[in-house]
Amino acid sequence: MSAERPTLPPVRLHTEAELARDALAAPLLARAVRLARWAGPGTRVGAGGELVDAQLPEAAEHLGLTGDEDGAAEASEAWRLAVDTGLLDVHDPDADEAGDDAEGTVTAGENLRLLTGGSPQDVLAIWLDGLEAVHADATAPVFDDFADLIGEDGAIDLDALDWDPEAEADFLDGVLGNLYLLTVGDGGEAPVPLPALAASVIVPDDMGEPTDDILEQVSEAMMRLDDQFRLLEPIGLVSYRPVDEALLVEEAEQGAEGVGDRPPADDEDVSRYGMVRLTPLGLYGIRARMLEAGVDAPAVGDLVDKGADALLGGIAYYPEAAARSEVEQWLARRGGDGAAAELLDAARGADQQAPLRRLHCQQALALVGAEAEPAVRTVLDDAQLGGLARVWLAERGAADVPPPPESMIFWLAIDTIAAQLEADGDLDELQGLVEGLAGQHSGFFDEAWRVAHPATADVLEAMGRLHSDKSKAKEARKAAFKARSRSGG
């Protein structure tokens, strides 16, 4: 039942129905759907499945993009997405047709039907395919002069591209991973300035003042990300405010080396340098990519169908609000008394995470309410759970709560501090807990070292570091030494 610290904090996702609606409303996918429904027997495509140039104006008109100078390009992008996501099936030209100009045909794909008649999971699976295609486009090289890259044999000279596809994908994934972490950690409300996001993957953590070379790299990364986020926004991954083009003109006129070569002044609108935020659909998409890559990216609700041991182990290092939400969802699937007995049984143990499981068990029992009392009373004589049970009953004002033996009081004190140490809680709160427990009993350290708890020595050492009273801190360190000598450690 031991728990491992998750790589990332748990994310709160919208329901699959809500996410599917967001996916269908993403501009690029919505246009792809419209073109898939527009296509017919007379639609002409090239050998690679692309819509022929002659039909792009008609496709743009169908999408209402005729007044947009980029209308044909946007129609072409939507068409490619329709093909990439299986909304359209491309049929190659007849075998007896020769030459590069041979044209194929298209028919509606199976996924077009699934978008309207399938489940939310079907819609999201198709959207994820679309995200994969757009991600590939965002990391593709930009050709200034395509002709210069074609060798004598007619093939593209990849060496001349100076392009490492794996490195490009890793860079963008690193940025999106940092954006995900910032979004989950901050609740996802505030957009992130592009300079800060670029710096998060360029500037070393241990670097003080960035060097000119690092600043230049940040500037280049910002402009690269500006292009990439412009591509990722239409699929619904991000909400993005691009770098202000007027700012680029101002920088050029002032002879500046780059947008990111100097930080924005205090009175300067940082949003001019670009602002980006993951959408709820974007959180879902990046998490799905992480899970596929083997990254531990938990979500609130993952544990609702699992046992109490998995629940208490899984929420061990969750933030308080996320842990409470997970427990509430878990309890909603079970009856109160049965859930309480299962939680108490899962809270037992002598491993490193056991104190933290017991802490979360006590918090979960508070959410069960009065229905938990019968199960709680059955563990009053349990060496590991008796103290927890008495605290819970006392907090509810229950009658006939037997007083704890002194050994149980000290064991519970050690267990409580061990749980907080394992959780890496707030230092001031932990110091207050340490001093409060030590102050409740005049001879606390004379007795505490005798407690038969696996964490006794570690807890006493921590109390020695945390206690503000030097004499008490010294007593704690002496007690820790006795505990280690007693246990042979």
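This is a predicted model: local features need pLDDT of at least 70, side-chain atom pairs count only at pLDDT 80 or more; totals for chains, interfaces and linings use all residues.
**View 1. Helix α16 and its surroundings.** Helix α16 runs over residues 354-368, which makes 15 residues. From first C-alpha to last, α16 reaches 21 Å, close to the 21 Å expected at 1.5 Å a residue. Its buried residues are A354, P355, L356, R357, R358, H360, C361, A364, L365 and V368. Several helices receive them. The buried residues of α16 pack against α13 (308-314), α14 (320-332) and α15 (336-347), and also against α17 (373-377), α18 (386-395) and α19 (406-423). After α16 comes G369. The phi of G369 is positive, near 85°.

**View 2. An open sheet of three strands.** The strand order is β3-β5-β4, and the pairing is antiparallel. β3 (192-193) and β4 (238-241) stand at the edges, each with a single partner strand, so one side of each has no neighbour in the sheet. Four bridges join β4 to β5 (residues 275-278) in the antiparallel sense. Here S239 stands opposite R277 of β5.

View 3. The model has one cavity of 30 Å³ or more. The largest cavity holds about 30 Å³ of space. Its lining consists of A383, Q384, G386, G387, L388, M408, W411 and L412. Helices α18 and α19 each supply at least two residues of this lining. By type, the lining residues are five nonpolar and three polar, with no charged residue.

How values were computed: Residues are numbered from 1 along each chain as its sequence is written. Side-chain values use heavy atoms; hydrogens and water are left out. The expected span of a helix is 1.5 Å times one less than its number of residues. Buried means under 20% relative accessible area, exposed over 50%, partly exposed in between (1.4 Å probe, protein chains only). Contact means heavy atoms within 4.5 Å. Two strands pair if DSSP finds at least two bridges between them. On a 1 Å grid over the protein atoms alone, a cavity is a set of points where a 1.4 Å probe fits but cannot get out, and a pocket is an open set with protein on both sides within 12 Å along at least five of seven lines; lining residues have an atom within 4 Å of a point. Grid points are joined across faces, edges and corners, and a volume is the space filled by probe spheres set on the points. Ala, Val, Leu, Ile, Met, Phe, Trp, Tyr, Cys and Pro count as nonpolar, Asp, Glu, Lys and Arg as charged, and the others, Gly among them, as polar.
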